[in-house]
Amino acid sequence: MIDTDVLVIGAGPTGLFCVHQLGIIGLKCEVVDNLDKIGGQCIELYPDKPIYDIPAISVCTGEELTKNLIKQIKPFKTNFHLGDRVEEVKKVKDNWIIKTIKGKEFNTKSIIIAGGVGSFEPRKFSVKECEKFEGKEILYSVKDKTIFENKTVSIFGGGDAALDWAIELSATSKVQLIHRRDEFRGAQASVDKVKELSKEGKIELLTKYQLSSIKGDKKIESIGIKHDDDDIKNIETDYLLGFFGLIVQLGPITNWGLNLDKKHIPVNTENFETNQKGIFAIGDICTYPGKLKLILSGFHEGALAARGSFKYARLDEKLRFEFSTTSKRVHSRLGIKKDD
Ligand SMILES: Cc1cc2nc3c(=O)[nH]c(=O)nc-3n(C[C@H](O)[C@H](O)[C@H](O)COP(=O)(O)OP(=O)(O)OC[C@H]3O[C@@H](n4cnc5c(N)ncnc54)[C@H](O)[C@@H]3O)c2cc1C
């Protein structure tokens, strides 16, 4: 059980800046995000695109913004629990007990939900038998590419992720790239490279095919792939990699006793608390009259929710308003020395 003042759900820009605001008022927090990286939509959907409306930054990409937000919270040494999803939220006496799908448990005074449009999850194979091999021989992202060395890997998909991994793994594995269309959606340079590797016999290209069956008990023995013209091929493989993009699931958030308004959580605008005392919602996931789904709004909401959670974490203390320019306490929390 991990004890903390606040649990932040979501490591998008809103959750990250909220960590900063919690840190400067002296609260400890832990952050859980379903994605295997920090940054939410900015890093998952538009890392290279320029953003022009972050206050005082005329232009920065999604990735640059994320990097700067991470740098800003470095002094607080916050723990991030990535690739994990908050599943269960329960009130026990004055605390909230939170469970994740990976079995982690948190005991916290309050929760700040910065869950954006919900948790990003990979679109999966539709063949039912895939479930039992998931996380073992069937993967939707690559964490350790060395497991594929000298193995046969069937890569499904037609976008950049499928093409890039086909190219990369072709150096060390036997690669079968399988796509349901003839055309690929990825960058032209990658498409050209895959075709070149296919001509050289380094990638086996199977287009207009989709997965139709899997054979094997404890391990995958072979898979069936079906062509548009109904022809079925059985091929041997050690691993399946599926790159079909992401879907967004509001998922477990709907089961936590929160009021919902068209997949959003209504909050008050004084401190962004929900209908449940001690649960706050900020960023894209919250709604109130006049809500703007912009990063700058999420920053403001995070600042107020952090202060709203103070009364649950420090029952006998009153929160003092302080400027970061002049407060010695804030400087000490940020690790700023006198001469800095
Ligand atoms: C293409 C594009 C361009 C954009 N351009 C701009 C722009 O120029 N300016 C601007 O201000 N805004 C822009 N936006 C919008 C901006 O990205 C969002 O407003 C912002 O990302 C919202 O931040 P957030 O932290 O609230 O949510 P998100 O960025 O969505 O992050 C939420 C995180 O919570 C995680 N999560 C959700 N549920 C759970 C759970 N149960 N357990 C664990 N983790 C969970 C998700 O995996 C996700 O990582 C753009 C959006 C897109 C798609």
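Biologist: What makes the nonpolar surface patch of about 230 Å²?

Modeller: Leu292, Leu294 and Leu296 make that patch. Keep in mind that this is a predicted model.

Biologist: Where does Leu294 lie, and why is Leu294 called partly exposed?

Modeller: Leu294 lies in the loop between β21 (286-287) and α6 (295-313). Its relative accessible area is 32%.

Biologist: Okay, over to Asn150. Why is Asn150 called exposed?

Modeller: Asn150 has a relative accessible area of 73%. Exposed means over 50%, so Asn150 counts as exposed. You'll find Asn150 in the loop between β10 (138-139) and β11 (152-156).

Biologist: What makes the phi of Asn150 worth a mention?

Modeller: Phi of Asn150 is positive, about 60°, although Asn150 is not a glycine. Most residues other than glycine have a negative phi.

Biologist: What is phi of Lys208, and where is Lys208 placed?

Modeller: Phi is near 65° for Lys208, again a positive value in a residue other than glycine. Lys208 sits in the loop between β13 (203-207) and β14 (209-215).

Biologist: And is Lys208 buried or partly exposed?

Modeller: Lys208 has 30% relative accessibility.

Biologist: Let's talk strands. What is the order of the open sheet of five strands?

Modeller: The order is β10-β17-β11-β12-β13, and the pairing is parallel.

Biologist: Why are β10 and β13 called edge strands?

Modeller: β10 and β13 each pair on one side only.

Biologist: How do you know that β10 pairs with β17?

Modeller: Two bridges join β10 to strand β17 (residues 239-242), and the two run parallel. A pair needs at least two bridges, so β10 and β17 qualify. Ile138 stands opposite Leu240 in β17.

Biologist: How do you know that β12 pairs with β13?

Modeller: Strand β12 (residues 174-179) is joined to β13 by five bridges, and they run parallel. At least two are required, so β12 and β13 are a pair. Ile178 stands opposite Leu206 in β13. Between these strands, the chain crosses from β12 through helix α5 (residues 188-199) to β13, and this β-α-β crossover is right-handed.

Biologist: Last one: which domains is the protein divided into, and how far apart do their C-alpha centres lie?

Modeller: Domain 1 is 2-120 + 247-333, and domain 2 is 124-244. The C-alpha centres of domain 1 and domain 2 are 37 Å apart.

Technical notes:
Residues are numbered from 1 along each chain as its sequence is written. This is a predicted model: local features need pLDDT of at least 70, side-chain atom pairs count only at pLDDT 80 or more; totals for chains, interfaces and linings use all residues. Side-chain values use heavy atoms; hydrogens and water are left out. Domain bounds come from an automatic or database domain assignment. Helices (H or I, at least four residues) and strands (E, at least two) are DSSP runs, numbered from the N terminus. Buried means under 20% relative accessible area, exposed over 50%, partly exposed in between (1.4 Å probe, protein chains only). Patches are made of residues with over 30% relative accessible area and no salt bridge: like charges are joined within 9 Å, nonpolar side chains (Val, Leu, Ile, Met, Phe, Trp, Tyr) within 5 Å. Accessible areas come from the Shrake-Rupley method with a 1.4 Å probe; for residues, only the protein chains shown count as cover. A salt bridge is a side-chain nitrogen of Lys or Arg within 4 Å of a carboxyl oxygen of Asp or Glu. A crossover is right-handed if, with the strands pointing away from the viewer, the path from the first strand over the helix to the second runs clockwise.
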